[in-house]
Amino acid sequence: MTTTTGDRLLDFDDVVSRYEPVIGLETHVELGTVTKMFCGCSTTFGAEPNTQTCPVCLGLPGSLPVANAAAIEATVQIGLALNCRIASWCRFARKNYFYPDIPKGFQTSQYDEPLCVSGYLDVVVDGETHRVEIERVHLEEDTGKNLHVGGSTGRIHGADHSLVDYNRAGIPLVEIVTRPVSGAGAKAPEVAKAYVTELREIIQALGVSDVRMEQGSLRCDVNTSIAPVGALEMGTRTETKNVNSLRSVERSVRYEIRRQAALLDEGVRIRQETRHFHEDTGSTSPGRSKEEATDYRYFPEPDLVPLAPDAAWVESLRLALPELPAARRARLIQEWGLSDTEMTWLLNAGALGVVAETVAAGASPAEARKWWLGELARRANESGTELTDLPITPAQVAELSGLVAEGRVNDKLARQVLDHVLAGEGGPTEVVEARGLAVLGESDELVAAVEAAIAGAPDVVAKVRAGKVQALGALVGQVMKTTKGQADAATVRRMLEERVVGQTG
Amino acid sequence: MTTTPAATDLTHLDAAELGRLLGAGEVSAVDVTRAHLDRIAADDGLLHAYLHVDGETALATAAAVDAARAAGDELGPLAGVPVALKDVVVTEGVPTTSGSRILEGWRPPYDATVAARLKAAGTVLLGKTNMDEFAMGSSTENSAYGVTRNPWDPERIPGGSSGGSSAAVAGHLAPWALGTDTGGSIRQPAALTGLVGHKPTYGSVSRYGLIAFSSSLDQAGPMARTVLDAAVLHEAIGGHDPRDSTSIPGQHPLLAEAARLGAGGDLTGVRIGVVRELGGEGHAEGYEPGVLARVAEALAVLEGLGAEVREVSCPSFDLALAAYYLIAPSEASSNLSRFDGVRFGLRVGDDGSRDLDEVMALTREQGFGAEVKRRIILGTYALSSGYYEAYYGQAQKVRTLIGRDFASAFGSGDGDGVDVLVSPTTPTVAFPLGARVDDPIAMYAADLCTLPASLAGTPAISVPCGLSDGLPVGFQIMAPTLADDRCYRVAAALEAAQDAARGHRLLDELAARRTTGGPA
Ligand SMILES: [Zn+2]
């Protein structure tokens with residue numbers, strides 16, 4: 001099999017029967033602080049280029065950094081949520097290299113003294129728990145953004161000139177680095193995806209970043225290597241960048257495993273290099289080779305004082321951590337009486353949050369799940385949007401569910417109400433009232449319809465009275481038809497029974 | 001001291017005296033400013049103390065001060081007093097080059113904290129003074145914009161790197177000025193031009209807006225003709241600044257008060273330690289006899305004022321030079337990375353034929369001078385992987401040792417230690433222009449005595465203690481962290497006693513020389 005990149009790929013199942021994959025992930029999370037890491041500039045996404053800058057984040061001569069306390073707190077929270085040890089003393093370091101998107105000629109980062117170390121994150125794939133060990137969580141600043149103009153690729157080669165936007169320069173960035181994850185075998189690609197998914201949910205639960213991969217507020221570099229099963233030494237790893245979605249995390253690992261195996265089978269050495277992932281083809285292509293990597297000449301940042309998080313303060317942050325996703329899922333499984341599989345469906349549909357909110361707004365867990373995984377999932381699918389982006393709130397879904405429970409609307413009417421709510425006509429109750437979609441009670445109108453049905457079908461009445469009770473269904477259908485479905489079928493049946501069967505009994 | 005012939009000239013008044021006269025309405029800020037601008041016009045052609053003078057703006061600022069005073073506004077004691085700033089200090093809208101070609105024409109969009117504080121105090125900025133490029137040097141010969149001459153002898157260097165400031169103040173082209181000191185760049189030029197120069201405790205004066213040379217060492221400080229003026233200027237720029245993370249919060253010592261106390265002349269109970277390793281027995285090689293003689297005389301004066309003088313050994317001071325020339329270049333190599341031609345300053349070769357790396361390299365190749373390149377290479381090497389521990393790591397250990405030597409000399413404060421340490425400020429008097437430009441090691445030796453306090457982050461002052469071969473000699477007084485007031489007290493005592501014995505100030509001899517065919 002060949003791809004546009006010309007890489008030869010082997011069959012995945014074949015490869016993982018002979019090779020053991022090892023993965024490692026470096027995840028960058030842009031924190032949602034109001035101001036940048038070392039200055040007072042705004043961090044709002046999408047502003048006009050270079051409007052959110054000052055002497056500090058432009059690296060003008062003489063300017064000095066002052067560390068953002070909120071960013072340090074958020075990093076400690078992430079470290080605690082990932083079961084890390086929080087350093088009692090650590091420093092920032094300068095990572096020196098030349099590039100126009102680095103205003104100072106160095107990135108202020110952390111090197112051998114990270115803020116958080118030695119944690120882990122458990123992820124579940126197909127019912128099996130995999131422990132991903134966290135080597136470090138550290139704090140640094142983001143770079144600016146280069147825009148290469150005039151080339152076909154948007155890359156620097158072939159471009160006429162380059163523009164730099166420093167709005168992003170200096171936004172606090174947390175880097176979360178795992179230890180090498182081995183032993184996952186064929187599940188390695190899914191473990192990688194499950195790890196990033198879980199990490200994303202944790203950070204969301206902490207509320208310290210919006211973790212939007214498509215906007216780059218969560219970015220992932222995926223390291224992959226393979227070695228023959230039973231080998232003592234790890235294989236040479238490649239580092240795949242530009243992995244911009246959860247699905248891409250899995251695909252990039254899968255691709256690298258198949259590509260590397262083909263090379264190893266041919267006796268070709270794997271080059272330690274950076275590779276770029278291509279969303280369209282699902283393939284990777286080589287970038288800068290690590291073997292010619294720069295010497296960053298790290299040294300402790302003399303413009304900043306060491307960080308010394310007070311133990312009592314760290315402890316207070318630990319106690320104040322919100323319920324984390326894994327604990328929440330366990331609790332909800334219990335409270336809602338779900339099976340693990342049912343929980344997985346909810347997660348895969350991305351519906352856990354909205355279902356929980358719907359339950360919180362008063363719906364039963366079963367009803368809430370039914371709506372979000374059924375009607376609403378179908379509509380989201382049809383319109384190609386995310387479930388959570390549908391123009392309906394969990395409170396409105398709960399309201400609708402309540403109307404059904406009260407018998408004010410039946411299922412058919414409820415679906416119509418939903419359409420109108422999604423069309424922006426207001427909340428469920430408003431729609432019911434405005435559109436007259438409520439179920440008919442035992443009104444004169446309904447009595448008339450019932451009596452008309454009985455009068456119009458003497459043969460059916462005779463059959464029922466002769467004992468063929470199921471024939472009553474035809475009369476129910478007739479009444480529903482005359483009332484344009486606005487009657488409650490159970491009520492109609494009861495009224496018919498009273499009049500047809502009841503007279504004989 | 002107001003009986004000397006030059007006293008009628010406004011440029012010969014102390015800054016504190018100018019402040020008093022301005023406050024009393026006896027002189028106008030415009031007159032004071034104009035007097036200094038006239039003096040600059042007359043003498044700076046020879047001295048070349050200034051890189052940038054904007055007389056119009058200075059006069060406008062002075063006029064605004066006069067108008068405010070006429071309107072009855074409450075003004076501070078420095079309102080209307082002129083000042084000169086070393087060109088390493090970033091000034092909004094005013095060219096700031098740090099003595100480098102790579103920043104030619106750069107007009108910063110912001111003020112350094114020290115500049116902003118002086119502006120807020122109502123001082124009048126006369127101009128920006130010459131310096132060794134990026135403060136790397138001890139003679140101001142490394143400026144990209146030409147050498148500055150010593151007012152005592154125009155064929156000699158004014159010291160460095162704050163040589164423009166020292167020449168301006170000693171030459172009476174400014175009543176006082178700011179310098180910066182990384183390894184001695186305030187104290188050494190002050191010593192060589194007969195001025196008082198103080199390097200504050202690291203963290204006691206904001207570094208925000210000083211173009212960084214070596215971040216863990218740089219400090220701005222005063223250069224003045226009297227100890228009291230230096231203390232007053234120090235107080236005006238000092239204190240905590242939230243924009244500088246290394247700035248020390250809380251109360252800082254009272255300095256002008258310490259200077260006044262010292263001038264009273266009583267040093268009873270003050271214990272003075274003479275550092276053997278800085279020109280003492282067995283360590284006198286390279287020290288001029290005239291320098292050592294003046295220092296010995298100063299010690300005798302201090303003893304006469306009641307101080308106890310004893311010798312103290314600080315063995316690791318011998319390692320200071322080696323450690324300094326690893327730490328400072330290492331930090332400089334990183335600090336100077338931002339000069340890449342992308343955002344500000346010089347850009348060379350961007351004609352469409354070269355790629356990014358070539359333009360950056362060409363800009364730095366042509367924008368930096370030889371000494372700056374030498375130190376960038378030195379620092380890059382010292383930080384590179386595989387050498388880091390052997391060079392930068394070892395140098396940091398030496399730094400810790402030097403700090404310990406200071407700590408054990410000063411003791412725990414209850415009797416055993418000394419209150420201050422003293423030494424010559426420099427091993428020699430001002431050397432001739434060009435004498436050491438081809439011998440970097442000899443040039444570096446000019447900072448031998450000033451480096452230990454720089455590495456320890458402790459305060460140190462240089463105060464004149466007489467002439468050797470007709471050239472000024474500096475006496476260095478070092479104190480513990482945040483005990484800058486001790487430097488001022490002892491310096492003021494020495495200054496007052498020697499002025500009284502001499503019957504005039506040392507700098508008056510320079511003024512007398514001027515009238516008999518000096519640099520003017
Ligand atoms: Zn900024």
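Tutor: Let's start with B:Leu482, which sits in the loop between strand S11 (471-478) and helix H16 (484-502) of chain B. Helices (H or I, at least four residues) and strands (E, at least two) are DSSP runs numbered from the N terminus. Residues are numbered from 1 along each chain as its sequence is written, while chains are lettered from A and ligands numbered from 1 in the order in which they are written. This is a predicted model, in which local features need pLDDT of at least 70 and side-chain atom pairs count only at pLDDT 80 or more, whereas totals for chains, interfaces and linings use all residues.

What stands out at B:Leu482 is its backbone: phi is near 60°, a positive value in a residue other than glycine. Most residues other than glycine have a negative phi, and most peptide bonds are trans. B:Leu482 counts as partly exposed because it has 19 C-beta neighbours inside 10 Å. On that scale, with C-beta atoms placed from the backbone, buried means 20 or more other C-beta atoms within 10 Å of a residue's own, exposed means 12 or fewer, and partly exposed lies in between.

A:Lys484 counts as exposed, because it has 8 C-beta neighbours inside 10 Å. For another backbone feature, go back to chain B: the peptide bond from B:Gly160 to B:Ser161 is cis, with omega near 5°. B:Ser161 belongs to the loop between strand S3 (124-129) and helix H5 (163-170) of chain B.

Now look inward. A nonpolar core is a set of buried Ala, Val, Leu, Ile, Met, Phe, Trp, Tyr and Cys residues joined through C-beta atoms within 7 Å. The largest one has 162 residues, and B:Val83, B:Ile477 and B:Ala491 touch the most other members. Leaving out residues up to four places away in sequence, B:Ile477 touches, among others, B:Val420, B:Val422, B:Ile461, B:Val490 and B:Ala491. A second, separate core of 70 residues includes A:Ala74, A:Cys116, A:Val174 and A:Ile203. In soluble globular proteins, nonpolar side chains tend to be buried together.

Next, the partner. In all, 34 residues of chain B are in contact with 25 residues of chain A, contact being C-beta atoms, placed from the backbone, within 7 Å. On the chain B side, helix H10 (320-335), helix H11 (356-367) and helix H12 (370-383) each supply at least two residues. The largest share, three residues, comes from H10(B). By class, this side of chain B has 16 nonpolar, eleven polar and seven charged residues. Here Ala, Val, Leu, Ile, Met, Phe, Trp, Tyr, Cys and Pro count as nonpolar, Asp, Glu, Lys and Arg as charged, and the others, Gly among them, as polar.

How far should you trust the picture? The predictor gives the complex an ipTM of 0.95 and a pTM of 0.88. Where pLDDT is low, the predicted coordinates should not be read in detail.

How values were computed
Two residues are in contact if their C-beta atoms, placed from the backbone, lie within 7 Å.
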